[in-house]
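Try each task yourself before reading its solution.

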Amino acid sequence: MKKILAVILVLTFAVTMFVVPANAAWSVVDTTFAVSADLHYEFQEEELEWFSEDPIFGYANRRAAMENESRYIIDEFLNQCAENDKIEFILIPGDISNEGRAFKEQHLQVAEKFKKFEEETGKQIYVINGNHDAGNATKEGETGLSDFREIYYEFGFNEALSTMDGNLSYTAELNEKYRLIAADSCDINRSTGDGMTSDRVEWVTEQAKLAIKEGKYPILMMHHNLLDHMPVQSLLSKDFIIRNHLSTAEKFANAGIKVVFTGHEHCSDANTYTSTKGNQITDFATTSLTMYPLQYRIMEMSDETITYEAATIEKIDAENLKDDVIGYTDAHIAEMNKGMNDYAKKFLKNGIEWRLERGFQDEQLGIDKGAFYYDLVRKAVDALNDILNTPLYGEGGVQEMALQKGIIIPDSDYVDGWDVATELVAAHYSGEENYPLMETDVTILLRTMCLILDTELSMLTEEELMVAATAITALYGSTPPDELAEKLELDLGYSHGAQSFLLALASPLLDSFANDDDVPDNNGSIKGYGRTGAADGFINIAGEIEFSFAKLIERLKTILTYIFKGLEYIKG
């Protein structure tokens, strides 16, 4: 996450615009189940470790993961699934534990919770490993593949119809209509590495075809993402998405797979790929259960429609925390009892600020020190770090500095740039980012970007900027700046090297917007397995869709207009 968040905040500050999910009608529901990813169960600390001066949320770690609270969040998730009579089973696409590769005991503790749940409810849990769960165990207490299979044997492996040698992949019947393909996408030697080799891809493809042949609908579950869930994720966060992802999506879609459930990226996002034959596959990335927004998915599937909604953890048994871990206070418990989701958001914002403030390193930006455009990006990053720490208002604040350049930073309740930036990052984690461009927070960030560009690029020649723009476009493999401007029908009123440089930096993001299938992230519907023919996106029986490609283009124009208005001050 560090790489893409840093790049997006530095280079574009553009925020995705998603639709208001439609209310879809569906035929008789065949099955309803829950999907929860990246549980990241962790041992509790003996005493809280503090990273900032915030009296409540200063213990937020760099991952912004609620480690001490994880056991209680998992308990509440299982309680909700037990109480929901519609839910028939649970899918968990990896990272059940946080340090499971090193500590087998973490898995044993979670497996006890799962076992109790199954015994009390009769509902089945199906798991597959994530990159935190198992590896090439060489020491006592570590978790190898055989250990993982043994510990979670009752949670899918005991029902295996087919398996692969050398990894944890298996298939199992979910019910009389749907068959699970649980694919091990992890590299046994590299912690975050993509292990989806060609033989695993072929195995999944053949298993899907076999399921269709035997009259079953194949549902795929794996830890790594199949499709991009961040702009140019495959370039800048390659360990979070499988290799050759588009060609693999083509194979999977044409083999009959319509849905794949993934985790790993810790965001709630749905993205769809349509094959050359018109077959559609949707990758539902589900956010980490133990991070804001403490969310999981509920899926309802029929031949006609696959409908999904987000469910949230709003409370936990917080009282025991004070007894379990030194450092929790009555104030902590009171804040949790006000609403666990709001508590998790404040925790996330503190953790993300601590993380990103220290995360503007070259290797995390995806740029090579030898690249001749390195200095341009490095200057912008350093300037961003400085300005995000500067108070927005008051004497010497960002608003005052910007005003001297003719850039208006609107008034708000935000304290500094970090306060704004972390709010937008939280929106990405929770999905359905819906920040109209005229709202204060987006305007502040875009105009702050103009201030940085005005300061850092004003001494560069147009030739230097144009050469850098060409190189960056080649690096990203995206649409050339002039072609993208023409494609988006941008009438910017002038031409300048800084304009091309910025458009080159933004082009992967803008290309991603223009080519997005725009499936709602949290609540919506897509066509079911019983529907055939070319993909038609998500279904809106009610007939009112509050989104169109034309509106997307208009919003992109507005984004660029904000930025280029700032660049007007450095032209010539």
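## Exercise 1: Around Lys 322

Setting aside residues up to four places away in sequence, Lys 322 touches Tyr 328, Thr 329, Asp 330 and Ile 333, where contact means heavy atoms within 4.5 Å. Before going on, know that this is a predicted model, in which local features need pLDDT of at least 70 and side-chain atom pairs count only at pLDDT 80 or more, while totals for chains, interfaces and linings use all residues. Residues are numbered from 1 along each chain as its sequence is written, and side-chain values use heavy atoms, with hydrogens and water left out.

Task: find which helix holds Lys 322, and work out whether Lys 322 is buried, partly exposed or exposed.

Solution. 
- Step one: Lys 322 sits in helix α8, residues 319–324. Helices here are DSSP runs of H or I with at least four residues, strands are runs of E with at least two, and both are numbered from the N terminus.
- Step two: buried means under 20% relative accessible area, exposed means over 50%, and partly exposed is in between (1.4 Å probe, protein chains only). Lys 322 has 33% relative accessibility, so it counts as partly exposed.
- Step three: look at the side chains of Lys 322 and Asp 330, which a polar contact of 2.3 Å joins. A polar contact is a pair of N or O atoms within 3.5 Å; within protein, one must be able to donate a hydrogen and the other to accept it, and residues adjacent in sequence count only if both atoms are side-chain atoms.
- Step four: Ile 333 is 11 residues from Lys 322 in sequence, and their C-alpha atoms are 8.2 Å apart.

## Exercise 2: Walk across a sheet

Task: give the strand order of the open sheet of 7 strands, then say which strands stand at the edges.

Solution. 
- Step one: the order reads β4-β5-β6-β7-β8-β10-β9, and the pairing is mixed. Two strands pair if DSSP finds at least two bridges between them.
- Step two: β4 (162–163) and β9 (269–274) are at the edges; each has a single partner strand, so one side of each has no neighbour in the sheet.
- Thr 163 has Tyr 170 in β5 as its bridge partner. The hairpin of these two strands has 6 residues between them, and Gly 166 there takes a positive phi near 85°.
- Step four: move on to β5 (residues 170–173) and β6 (residues 178–182), which run antiparallel and are joined by 4 bridges. A hairpin of 4 residues connects β5 to β6. Glu 173 has Arg 179 in β6 as its bridge partner.

## Exercise 3: Two packed helices

Task: what angle do helix α2 and helix α3 make, and how far apart are their axes?

Solution. 
- Step one: α2 (residues 70–83) and α3 (residues 104–121) pack at about 15°, with axes 11 Å apart. Axes are lines fitted to C-alpha atoms, for helices over the stretch in contact, and angles run from 0 to 180 degrees between N-to-C directions.
- Step two: α2 and α3 are therefore roughly parallel to each other. Angles under 35 degrees count as roughly parallel, over 145 as roughly antiparallel, 65 to 115 as roughly perpendicular and the rest as oblique.
- Step three: spot the residues that make the contact, among them Ile 74 and Leu 78 of α2 and Phe 114 and Phe 117 of α3.
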